[in-house]
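Good morning, everyone. Please look at the screen while I bring up today's model. We start at the metals.

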Amino acid sequence: MDKSVFLEDMDAFAYRDALSSGEAIVLIPVGSLEQHGTHLPLGTDTILSRHFAEGVARRLGALVAQPIAYGYKSQQKSGGGNHLSGTTSLDGTSLIAMTRNLVKSFLKQGVRNVVFVNGHFENYQFLYEGIDLALEESGIGPGAKQSVLLLSYWDFVSQDTLAQVYPDGFPGWDIEHGGVLETSLMLHLEPARVAMDRLVDGPAAVLPRFDRLPVVPERTPATGCLSSAAGSSADKGGLLYDQVVADLALDLVGELALEPAAVPA
Ligand code: ZN
Ligand code: MN
């Protein structure tokens, strides 16, 4: 068996050894517990961010920490809405606090770079705020050796990949909820957790240019998906996964000035 990159599999002494160089990188996957239609599990965002973190960590010789498995409230225009049962979310203040706690702990232990690998659209600014507060409280400013990176994996999908995955045109990241991207990735990475026989092929959601609170539930399609997953395939998932992991790893090698030799071809 390959050596695990997951902290949950390591003992504390092996972890301390890994930190002793002062160069350790820890990736933290971030997801949600959120309805994803009739064909995908509630944990989809967490499952996918964990896979991306694992693939990147293997290329960099980095470690992957326990995911943040709950996310900020699902919003109607990007996740169908927080009113749908199965969607179980954190307040912004809770997600900020958790992020702040994790950053402070890992940096204090001597991790050089913490990298949040986000897989749930609504999380981003709360992660950003938690990181910012942690650095301020830890006295870490510009020029410090230690730093934190934050990214959402879909921002690494290339135009070329998009054109291949969406031959009829790309619907936009916000309504890619339970759609072709997530379904294809799950078919590639976790086929046993996808129920394609339960897939409902409906029209994409038509949403206003504003947010309204409380939400108007009828605006979310009955399936809970904002765009159809018809046209998903494991091949598309493999293309997406491999391209994103390769480009993400390459960006991190450049940004964190890692030895290119650390990246297997
Ligand atoms: Zn999702
Ligand atoms: Mn989500």
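Which residues coordinate the zinc ion (ligand 1)? They are His36 through NE2, Asp45 through OD and Glu182 through OE, at 1.9 to 2.1 Å. Donors here are N, O and S atoms within 2.8 Å of the metal (3.2 Å for Na, K and Ca); water is not among the atoms, so sites may look incomplete.

Some ground rules. This is a predicted model: local features need pLDDT of at least 70, side-chain atom pairs count only at pLDDT 80 or more, and totals for chains, interfaces and linings use all residues. Residues are numbered from 1 along each chain as its sequence is written, chains are lettered from A and ligands numbered from 1 in the order in which they are written, and side-chain values use heavy atoms, with hydrogens and water left out.

Back to the zinc ion. Along the chain, its donors follow the spacing H-x8-D-x136-E.

Now the manganese ion (ligand 2). Its protein donors are Glu34 (OE), Asp45 (OD) and His120 (ND1), lying 2.0 to 2.3 Å from it. Their spacing in sequence is E-x10-D-x74-H. Glu34 sits in the loop between S1 and helix H2 (44-60), and His120 in the loop between S3 and helix H5 (124-138); the two are 86 residues apart. Helices (H or I, at least four residues) and strands (E, at least two) are DSSP runs, numbered from the N terminus.

Notice Asp45. Asp45 bridges the two metal ions, which lie 3.4 Å apart.

Are these residues buried or exposed? His36 and Asp45 are both buried. Glu34 and His120 are buried too. Buried means under 20% relative accessible area, exposed over 50%, partly exposed in between, with a 1.4 Å probe and protein chains only.

Next, the sheet. Four strands form an open sheet, ordered S2-S1-S3-S4, with parallel pairing. Two strands pair if DSSP finds at least two bridges between them. S2 (63-64) and S4 (147-152) stand at the edges with a single partner strand each, so one side of each has no neighbour in the sheet. S3 (residues 113-118) pairs with S4 over six bridges. There, Val115 has Leu149 of S4 as its bridge partner.

Last, two helices. The axes of H7 (residues 180-189) and H8 (residues 234-255) come within 7 Å and cross at roughly 95 degrees. Axes are lines fitted to C-alpha atoms, for helices over the stretch in contact (heavy atoms within 4.5 Å). Angles run from 0 to 180 degrees between N-to-C directions. Thank you.
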